[in-house]
Amino acid sequence: MVSRSTLDISEEVLINTTETEGAGSEVSLSDLVRSFWDYALSATATDTGASITPPLRESVESLGQLNPNAAIQKVQQYTGAGLFSASAIPYGVILNVISKMGEPQQVQEIINWMEEQGDKDLVPDKICYVELLSAWRNIRDPEKCDSTLGELVQKMEEGIIKSNVLNARHFSIAISSWANSNHPNAADRAEKIFELMKSLKKSSVQPTEFIFSGLISVHANSGLPSAVDRAIELFQLMQSEGIQPNVVTYSTLLDAYSKSKRPDAIDRVVDLFEEMKSNGIKPNAVAYNILIRAHARSNRPQAMDRAEELVSEMKNDGIQPNVVTYNTLLDAYSKSKRPDAIDRAHG
């Protein structure tokens, strides 16, 4: 029970630190198909003044049947035949489906094909590379995600791809791939990605709250004695660079404190939680769950009572407790030495 609640919170924090614009977000297949359809309709109408063509309809239907292979084949077939322009096809949407299916090699093959066409309308854009990196992250291969980013940076430095193709989001994905990898050198590898980003000369890539949140998260998960100190440094660096922390950033720092062995960990978590609220940032379920866990781990006499109060507070704030919340509350009951703990756990 204890290990399960901890694992769930770690997974929640990882999801929380991932940018929700496309990669990493929970998007249903029907939403993807609708996006593909809307784009194709508007592009076709703009290009030809016509409605959806049969070839375009077949491509969309293939995607709707979760058959991106067939969709890509139709795109390539009908583009080559001149039945519709390549610019009318949002390849990034199809790559997004393949990425979520855990097929990074296929994403890479499609991007290679796009690059080989010599067509300016088929040059892979930011989204294509986002999906490539996300595909490696989705199958939990941080080494490959990291090396792929390095290859893209090298291509950018050599002028093979435009300097504005890579942005902070690509670096954020690579950093987050290390955050929940359990690799012994994950924190060091994530820091190297951060240094690489800052060293770029031909790019205007600037750190974002997701970059810092990912870095703080990877240190929180590292288990290193210096983890919380480095997390604090990153939090302060972020603010010094004019980047305002949001609920994601606060949650990752809360997580770092709650996992530390510091004797004042619970006090610092409580203070930071209150600071977040005083700054007008509304806590989400992840932040509440971390706070509940911190109380459960504190072994203080009133930890169980406080955990119950926080669940009620969540509900009053319009935040629905989830399975992680209740697992963590059960953790608080299990750690309590009070004679009524078992009854209250069953109540």
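**A loop residue and the helices beyond it**

Tutor: Asn-299 has a relative accessible area of 57%, over the 50% cut-off, so Asn-299 counts as exposed. In this predicted model, Asn-299 sits in the loop that joins helix H15 (285-298) to helix H16 (303-316). Although Asn-299 is not a glycine, its phi is positive, at about 60 degrees.

Asn-182 belongs to the loop between helix H9 (168-179) and helix H10 (186-199). Asn-182 is not a glycine either, and has a positive phi of about 60 degrees. With 73% relative accessibility, Asn-182 is exposed.

His-170 is located in helix H9, and its relative accessibility of 0% makes His-170 buried, because buried means under 20%. Leaving out residues up to four places away in sequence, His-170 touches Lys-126, Tyr-129, Val-130, Leu-133, Leu-149 and Val-165. Ala-174 is also part of helix H9, and Ala-174 is buried, with a relative accessible area of 0%. With residues up to four places away in sequence left out, the residues touched by Ala-174 are Cys-145, Leu-149 and Ile-193. Ala-174 and Trp-136 are 38 residues apart along the chain, and their C-alpha atoms are separated by 9.0 Å.

The axes of helix H7 (residues 126-138) and helix H8 (residues 142-157) come within 8 Å and cross at roughly 155 degrees. An angle over 145 degrees counts as roughly antiparallel, so H7 and H8 are described that way. On the H7 side the contact is made by Tyr-129, Leu-132, Leu-133, Trp-136 and Arg-137, and on the H8 side by Lys-144, Cys-145, Thr-148, Leu-149 and Leu-152. By type, the residues of the contact of H7 with H8 are 7 nonpolar, 1 polar and 2 charged.

A second pair lies further along the chain. Helix H13 (residues 247-259) and helix H14 (residues 265-278) have axes that come within 9 Å and cross at roughly 170 degrees. H13 and H14 are therefore roughly antiparallel to each other. Val-247, Tyr-250, Leu-253, Leu-254, Tyr-257 and Ser-258 of H13 meet Ala-265, Arg-268, Val-269, Leu-272, Phe-273, Glu-275 and Met-276 of H14. The contact of H13 with H14 has 10 nonpolar, 1 polar and 2 charged residues.

Helix H17 is worth a look on its own. H17 covers residues 323-335; at 1.5 Å a residue its 13 residues should span 18 Å, which agrees with the 18 Å between its end C-alpha atoms. At the N-terminal end, Asn-322 caps H17, with a side-chain oxygen 3.1 Å from the backbone nitrogen of Val-324. Val-324 is one of the buried residues of H17; the others are Thr-325, Asn-327, Thr-328, Leu-329, Asp-331, Ala-332 and Tyr-333.

Finally, the whole protein. The protein has 18 helices and 0 strands. Of its 347 residues, 51% are buried. Among contacts with a separation of 6 or more, 68% are between residues 24 or more positions apart.

Methods. Residues numbered from 1 in each chain as written. Predicted model: local features only at pLDDT ≥ 70, side-chain atom pairs only at ≥ 80, totals over all residues. Heavy atoms only, no water. Helix = DSSP H or I, 4+ residues; strand = E, 2+ residues; numbered from the N terminus. Expected span 1.5 Å × (residues − 1). Buried < 20%, exposed > 50% of the residue type's maximum accessible area, 1.4 Å probe, protein only. Polar contact = N/O pair within 3.5 Å; in protein donor to acceptor, adjacent residues only side chain to side chain. Axes fitted to C-alpha atoms, helices over the stretch in contact; angles between N-to-C directions. Parallel < 35°, antiparallel > 145°, perpendicular 65-115°, else oblique. Contact = heavy atoms within 4.5 Å. Nonpolar A, V, L, I, M, F, W, Y, C, P; charged D, E, K, R; others polar.
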